[in-house]
Amino acid sequence: MSSERVRAAVVGAPVAHSLSPLIHNAGYAAVGLDQWSYTRFECAEAELPALVAGLGPEWAGLSVTMPGKEAALAVAATASPVAVAVGAANTLVHQHDGSWRADNTDVGGMVEVLTSAGVRGVDADGARRWRHRPGGGGCGGGATRPDGDCGGPAKGRYRRSASGGGGGRCVAGWRPVG
């Protein structure tokens, strides 16, 4: 096993409250990855490209939260089909050639949570389509695909913030967007 340090982090704003470093570091220790460490970087969307460009080869990857999910996709040299489809990435993986690969695990997680809760978004043709999508940006909006698989085209999008546009009626604390 290599003795070289391997680093990873959560990036976004705000992230001071994030338990990700505690959880990841405990996981690394539990499986004997003593050379691995996980931290956090407070990083606005506009700062993400410079932050990523400045990371060295010891960096394995980044967990990206808001507001940087759309910027994360833009800084990556390659991306998974899901990240491309939703236009957002919550994961950046450092490749051996020094480039970054973007992925989005929000979609699978959101589908699993919704289907486990009994929410069914299946059309007569068997395709999964949710009638309403949560979120207006890289978070909830990035958790549903606009191509019809697991999310769209949605009849409505909702977010908690009234500043998300639309106004309209509130559905379980979420306001229509766009």
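A polar contact is a pair of N or O atoms within 3.5 Å, of which, within protein, one must be able to donate a hydrogen and the other to accept it. In this predicted model, such a contact, at 2.6 Å, joins the side chains of Ser 99 and Asp 97.

Ser 99 is placed in the loop that links strand E5 (91-94) to strand E6 (100-103). Its relative accessible area is 19%, and because buried means under 20%, Ser 99 counts as buried. When its neighbours within four places in sequence are left aside, Ser 99 is in contact with Ala 77, Val 93 and His 94.

The sheet is described next. Its 6 strands form an open arrangement in the order E2-E1-E3-E5-E6-E4, with mixed pairing. Strand E2 (36-42) and strand E4 (78-79) stand at the edges, and since each has a single partner strand, one side of each is left without a neighbour in the sheet. Strands of a sheet pair through backbone hydrogen bonds, in either a parallel or an antiparallel manner. Strand E3 (residues 59-64) and E5 run antiparallel and are joined by 3 bridges, with Gly 61 standing opposite Val 93 in E5. Helix H1 (residues 20-30) lies across strand E1 (6-12) and E2, and runs at about 170 degrees to E2.

The loop between E1 and H1 holds Pro 14, which counts as exposed because its relative accessibility is 54%. Pro 14 and Pro 67 are 53 residues apart in sequence, while their C-alpha atoms are 8.7 Å apart in space.

The two residues whose accessibility has been given are set out below.

| Residue | Relative accessible area | Class |
|---|---|---|
| Ser 99 | 19% | buried |
| Pro 14 | 54% | exposed |

Note on methods:
Residues are numbered from 1 along each chain as its sequence is written. This is a predicted model: local features need pLDDT of at least 70, side-chain atom pairs count only at pLDDT 80 or more; totals for chains, interfaces and linings use all residues. Side-chain values use heavy atoms; hydrogens and water are left out. Helices (H or I, at least four residues) and strands (E, at least two) are DSSP runs, numbered from the N terminus. Buried means under 20% relative accessible area, exposed over 50%, partly exposed in between (1.4 Å probe, protein chains only). Contact means heavy atoms within 4.5 Å. Two strands pair if DSSP finds at least two bridges between them. Axes are lines fitted to C-alpha atoms, for helices over the stretch in contact, and angles run from 0 to 180 degrees between N-to-C directions.
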